[in-house]
Structure formats: C-alpha cells, structure tokens
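Biologist: I have a model to look at today, and I'd like to understand the words used for it. Could you show it to me and take my questions?

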Amino acid sequence: MRKKINSKIIQGKGKLRRFIFGHLRKKYVEEQKNKRQGECKRCGACCKLLVNCIMLTQDKEGLYSCKIHNRKPSNCNVFPIDEKDLKDRDTILPDVPCGYTFFKEEA
C-alpha cells in the first residue's frame, strides 16, 4: 500500500512538473526534444500517470492512441520532456521500456 501511495506522489509531482515546463520552460523543453530519440510504442503508460486519461483508447492489437491526438494538451505533446519523465512512466509499466531515450551530450 505504501509503495502505491509513493508511486502516486511521484506521478503527481511529475504531472505538475510537465504542466509547468510545458507552459513556462519552453526553451528547456525544446532543448530536451533535440536530445530525445526513438518513437512512441503506444503502450499507454504515459496516459495512465496518476489517473487514466479519458481520451485514451485501445485497439484490437492492444495498442493505445489518443482520441484527440491532433488537439491534445501541450503537456501531452511534450512527453517525455526528459529522463525524469521516463522514470515516472516506469512506475506504470516497469517491465515494458518506453520507445524514447535521451542521448547524453559529451562534456
């Protein structure tokens, strides 16, 4: 029970962080987007953070998609902003890796 509560706290903080970053830290979001590689595997984990999104739908093959994909909120469009978001996402599906990764810049 305690693990589930801690997981929800992490997810809630991440959701708030993404909302703020998506609206106020646009330069950071853009920089991170340039470091992001891969593509969405349509696992639905990001849409189940904290609460299940009501716009999430699943097809016959078990792949998820958004009912309002072309009009979805900015915090959805920028997911994952950085590796912190991938860690949040892993609280939902730890055994299924996200299709996105971030490359590290050489110092």
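Predicted model: local features only at pLDDT ≥ 70, side-chain atom pairs only at ≥ 80, totals over all residues.

Biologist: Why does Val 78 count as buried?

Modeller: Buried means under 20% relative accessible area, exposed over 50%, and partly exposed in between (1.4 Å probe, protein chains only). Val 78 has 19% relative accessibility, so Val 78 counts as buried.

Biologist: And what makes Arg 42 partly exposed?

Modeller: Its relative accessibility of 33% makes Arg 42 partly exposed. Arg 42 sits in the loop between β1 (36-38) and β2 (56-58). Its phi is near 60°, a positive value in a residue other than glycine. Most residues other than glycine have a negative phi.

Biologist: Why is the contact of Asp 59 with Arg 42 called a salt bridge?

Modeller: The term asks for a side-chain nitrogen of Lys or Arg within 4 Å of a carboxyl oxygen of Asp or Glu. The side chains of Asp 59 and Arg 42 meet at 3.4 Å, N to O, so by that definition the pair is a salt bridge. Asp 59 lies in the loop between β2 and β3 and Arg 42 in the loop between β1 and β2, so their pairing ties together parts 17 residues apart in sequence.

Biologist: How many salt bridges are there in the whole structure?

Modeller: A search finds six. One of them joins Asp 85 to Arg 18, with the closest N and O atoms 2.9 Å apart. Asp 85 belongs to helix α4 and Arg 18 to helix α1, so this pair links parts 67 residues apart in sequence. Arg 18 also forms a salt bridge with Asp 88 (3.1 Å, N to O). Arg 18 is buried, with a relative accessible area of 4%, and Asp 88 counts as buried at 8%.

Biologist: What makes a space a cavity and not a pocket?

Modeller: On a 1 Å grid over the protein atoms alone, a cavity is a set of points where a 1.4 Å probe fits but cannot get out, whereas a pocket is an open set with protein on both sides within 12 Å along at least five of seven lines. Lining residues have an atom within 4 Å of a point. A volume is the space filled by probe spheres set on the points, which are joined across faces, edges and corners.

Biologist: Which residues line the largest cavity?

Modeller: Val 78 is among them, including also Pro 80 and Phe 102. Helix α2 (residues 26-35) gives the largest share of this lining, three residues.

Biologist: How much space lies in the largest pocket?

Modeller: About 750 Å³. The largest pocket is lined by 30 residues, and Cys 46, Cys 47, Lys 72, Cys 76 and Phe 79 lie nearest its centre.

Notes
Residues numbered from 1 in each chain as written. Heavy atoms only, no water. Helix = DSSP H or I, 4+ residues; strand = E, 2+ residues; numbered from the N terminus.
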